[in-house]
Structures are given as C-alpha cells and as structure tokens.
Amino acid sequence: MGYRPIKSAKKRLKDKLRILTSRKRTGTFSEIVKRINQTTVGWINYYGVANMKTFIQELQGWLNHRLRQLIWKRWKLPRTKYVKLRQYGIQHDEAMKTAHSRKGYWRISRSEVLHQAIPNKRLVKWGLKDLSQFYEQRYSKG
C-alpha cells in the first residue's frame, strides 16, 4: 500500500479550506465549522486508503491557525479582544498587551497567548472535527 493523494488534490483541498476560512467570510462560526467538517470528512473518506498521516497533521495545524485568525478578526475591537482573552483565562497584563497589539491577524493567531485562550481542545469543543483522530479511527491499520 503506497498510495498517496497527488499534489493537485492536496492543493485543491487547501484552496477550498482557504476560501471557507477567509477572514472576510460572512456567517456564524458554527456554519463555517460545519462546512469545513463536510469538506474535510468527505475528502478523507475519498482519499482515506492512502498513507497521509503527516499531511493530515500538517493540514490540521494550518486549519487551526486559520480559524484562530478568523476568530481574532471577528473580535475586532481591542476592548472585545481583552474581554474575550480574560474570559478564556488569560492574565490581565498579557490580555492587555495582546489586545492592543498592532501586529497582524496572522501573526497574533500564532502567539502563545491566543493558543492558551483557544487551544485545539476548545476548537474541537466548538464543533471542529479532529482530522488526525478521525483519520486514525477510520483507517487504522492494525
């Protein structure tokens, strides 16, 4: 079994997810997550017999990064960012510093503070499927 999805198939999936997680996209977060789950689960069901554990892990990390960026953009105001960060357990100083940062959305979404506020477990709790776990359950070879 040496099957792998070809590069163009991986690129098409990533392009589709890029459109679904666009910062200017409208709709509620749950609708966006629902569409992402439909896309990724369908793709894994189609290409699942192939060996792609590393690709799935990289895709999951990239997708979580995109979603943190989307959430950060939707919080808009520094006051809202501060309140949300405090709500998710970030200390006052760190929340204030991050909320008033002039760094871009992509860079802030990579920060440790945002990772503490929105860990992968919280994204899963909000409805996002854990792709690695889904792939392992679906196509465990053993």
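In this chain, residues 24 or more positions apart make up 75% of the contacts with a separation of 6 or more, where a contact means heavy atoms within 4.5 Å. Keep in mind that this is a predicted model, where local features need pLDDT of at least 70, side-chain atom pairs count only at pLDDT 80 or more, and totals for chains, interfaces and linings use all residues. Residues are numbered from 1 along each chain as its sequence is written, and side-chain values use heavy atoms, with hydrogens and water left out.

**Overall build**
- You'll find 9 helices and 0 strands here; helices are DSSP runs of H or I with at least four residues, strands are E runs of at least two, and both are numbered from the N terminus.
- The C-alpha trace spans about 55 × 30 × 25 Å along its principal axes.

- Out of 142 residues, 39% are buried, meaning under 20% relative accessible area with a 1.4 Å probe, counting protein chains only.

**Charges**
- There are 34 positive side chains and 8 negative ones; Lys and Arg count as positive, Asp and Glu as negative, while His and the chain ends are not counted.
- The centres of those two sets sit 7 Å apart, with each charge placed at NZ of Lys, CZ of Arg, CG of Asp or CD of Glu.

**A helix pair**
- Helix H3 (residues 53–75) and helix H9 (residues 131–138) have axes that come within 8 Å and cross at roughly 150 degrees.
- So H3 is roughly antiparallel to H9, a label for angles over 145 degrees.
- Among the residues making this contact are Ile 56, Leu 59 and Leu 63 of H3, along with Leu 131 and Tyr 135 of H9.

Conventions. Buried < 20%, exposed > 50% of the residue type's maximum accessible area, 1.4 Å probe, protein only. Axes fitted to C-alpha atoms, helices over the stretch in contact; angles between N-to-C directions. Parallel < 35°, antiparallel > 145°, perpendicular 65-115°, else oblique.
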